[in-house]
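Please look over the model shown here. The report starts with a metal site and then turns to a helix and to model confidence.

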Amino acid sequence: MAAPFPVSCARRIQKELTALHAEPVPGVTLKSGPDTLADKSTDINMIIKGAEGTIYNGEEFNLRFRMNERYPFESPEVVFQPPNIPLHPHIYSNGHICLSILGNDWSPALTISAVCLSIVSMLSSCKEKKRPPDDQFYIRTASMNPKATRWMYHDDNV
Amino acid sequence: METRKLFWASNVSKNRHRSQSHWTRSTVSALRVPVFPTLSSIQIDSGNSSTELRMDSEDDMAYEDEYDNQEDDGDDSNPFPPNQSLNKARADENDHIDVDEDDLDDSQNTADASSLACPRICTPDSGDYDVLSTEQVCQYMNDFVKDISNILQLPATTTRLLLSHFNWDKECLMERFYEDEEKLFKDARVIRPTAGDRQGSSSKSECNICYQTLKGSEFKGADCGHRFCSVCWRSYLTSKIMDENVTDKIECPAHNCRILVDDGLVMEMVGTQAAVRRKYQHGITNSFVISHRIMRWCPGVDCLFAIRLRISPDWVCVTCSQCQLVCCFLCGDQWHDPATCLVLKRWKKKCADDSETSNWISANTKECPTCHATIEKDGGCNHVVCKNSACKSEFCWICLGPWQPHGSSWFKCNRYTEDDAKAARDNQEKSRYALQRYLFYFNRYMNHQQSLRLETKLNNSIRIKMEELQQHNMSWIEVQFLKKAVDVLQQCRQTLMFTYVFAFYLQKNNQQDIFEDNQHDLELATETLSGFLERDITGQNVAEIKTKVQDKAAYCELRRNALVKHVHEGYEKDWWEFSL
Ligand SMILES: [Zn+2]
Ligand SMILES: [Zn+2]
Ligand SMILES: [Zn+2]
Ligand SMILES: [Zn+2]
Ligand SMILES: [Zn+2]
Ligand SMILES: [Zn+2]
């Protein structure tokens, strides 16, 4: 028997989704939102299209947001979903993303849209397709949930 | 909506170190003669942080009372209100401590090097230190804050954050305050309080967290100008305190705003939730004790008392008057004379490395080259940032060099050169011998440690013997020699245990020969005494045994003192050189 989402949390997610519809982040499409917010956690799936002029041009990636009932005071769990995980020095082959605003630097004033923007800009500024140097080690040892990892953030300028 | 979008677009992808982008110099220095909000000093009074000793309901009442009484000392415009004679007395006391702190600055600098003054053993009645309850710690902290807040003419809440930024080093704070006030506030992530209230405009607006449109009066904010509704503030602070265990430095909830939330706002928002308030106050008190150089929690298991030194925090042995634990004030470990804290730390690290987990440890943890905190690697690239919030230095995991020269080619660290590799191979030869040597010292160290662990067993058997003897016509007084002998035995074992740590790192010289002779004598005498005590003492041979035991115990004590004195003399005269 799952505890229902707190009203305030559900309302905020609803409003965010409405805003996302009204003002979509360029290159990002909302694929599926939550059918109901009565569960312990809720998934929102996005499609990110590699922008023209970037090394990901023409590619499509699935990004999954998973919020629990403590959202937005707790950060959402954000991972790329197979089959296509972007080859990027801050993205592990299991879809986990090394991005400070998803961890230490999360703020309840951030939004789904802000996170998407940040990920899009991370992809767009990338010059070389490669995995993080410790990818193999990480994917063997990491838990399913990227939030269980205590991240040391990569250089943000890459 | 529109403005929010623009704001994110320009900030989200930015480097996380870019922080105080939305408060400006003009806000900081706007007003110099502020009228402080009356809430300013309610937060950390000992009354309501006395915590678990009280029942919840009482606790809440106490809080309410205190809240109401605020008017009494809320007159911040006069830095020395007439009713402060009590505090003045305390301030004098603090000044006394400070004199010692000054002395220490010199010795502290030298103590970092290997030349150490010899340890000082402080007894509970020496007046060299106090043992404070949590309430007394709070009281001391409040007085400490009040004192500085009067001098700087800042609200207590602001002063608390500034002091915390300087690890409660008030000289350092004041120096910086008079040097460059603006920079100080900026570095400490605190907004200089301004006159005027914190209430926003009366027009309706939308809260950036819950997206509800509310009246202006519903909004609360830190001095950085970011405002959120009370409900969101409460959830945010509760989440930080209860789930993330952040108490000392809670940042403003706005993205990229690093301004710290002061105690006044925290208490205003969560002060009525007993559990949250208690945890918050605990956290503050804890950070006070941890970062204040003259304080430390008693390391005793379940002991909630703190030790406050009245002498300089050098290598000092203190005994907790509450739980009787004897510990080293400097490192908080059990008293480890004659080995220094650094020597002991290295030793323990070495012992840990040598365990089964050694591979994992060497692969996954390293010491921060700046602050020596142990860092665990758990994902991410080789560009690591020290988690110690006071340090935060950035370095390369592979070579431990500073990060900066690595630039953008962060995965191609070439600092580990061929020469290093060759040296590493040569070292393998030596390591065989080194391992033998290590095991020699380790076994002896462990032997004494093991024996000490059997302490309770020995104590019990001795107690039984003492009872037996009393049935053989000996008085209670007459059998006390056994208890005394056991105490001596345990002291000798403890000293011996640490002599092996000391000796392991000690370099050869004439004084080291003398030390080893002393160690040998003590070891021999201690084992003999141990043998006497373990042996069956019966009514028949008791008179004979008593003399033997007393003589041997006296001899052990003599030898122990001689050894310790010799080592201390060496510290004073700089005889000892360690290969660490
Ligand atoms: Zn709100
Ligand atoms: Zn702010
Ligand atoms: Zn204690
Ligand atoms: Zn120590
Ligand atoms: Zn460090
Ligand atoms: Zn390097």
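## Zinc site

In this predicted model, the zinc ion (ligand 2) has a tetrahedral site, with angles of 106 to 113 degrees among its 4 donor atoms. For four tetrahedral donors the ideal angle at a metal is 109.5 degrees. The protein donors are the SG atoms of Cys224(B), Cys252(B) and Cys257(B) and the ND1 atom of His226(B), at 1.9 to 2.3 Å from the zinc ion. Along the sequence, the donor residues follow the spacing C-x1-H-x25-C-x4-C.

Are Cys224(B) and His226(B) buried or exposed? Cys224(B) has a relative accessible area of 10% and is therefore buried, the cut-off being under 20%. His226(B), at 16% relative accessibility, also counts as buried.

## Helix α19

Helix α19 of chain B covers residues 542-573, which is 32 residues. From its first C-alpha to its last, α19(B) reaches 46 Å, close to the 46 Å expected at 1.5 Å a residue.

## Model confidence

The model has an ipTM of 0.83 and a pTM of 0.65. For chain B the average pLDDT is 74, and 67% of the residues score at least 70.

In chain B, the pLDDT is below 50 over residues 356-363, a stretch that has 8 contacts in the model beyond near neighbours in sequence. Residues 414-418 of chain B also have a pLDDT below 50, with 7 contacts beyond near neighbours in sequence. Where pLDDT is low, the predicted coordinates should not be read in detail.

Methods. Residues numbered from 1 in each chain as written. Chains lettered and ligands numbered in written order. Predicted model: local features only at pLDDT ≥ 70, side-chain atom pairs only at ≥ 80, totals over all residues. Heavy atoms only, no water. Helix = DSSP H or I, 4+ residues; strand = E, 2+ residues; numbered from the N terminus. Expected span 1.5 Å × (residues − 1). pLDDT = per-residue confidence, 0-100. Contact = heavy atoms within 4.5 Å. Donors = N, O, S within 2.8 Å, 3.2 Å for Na, K, Ca; no water. Tetrahedral: all angles 85-135°; square planar, octahedral: opposite > 155°, others 65-115°. Buried < 20%, exposed > 50% of the residue type's maximum accessible area, 1.4 Å probe, protein only.
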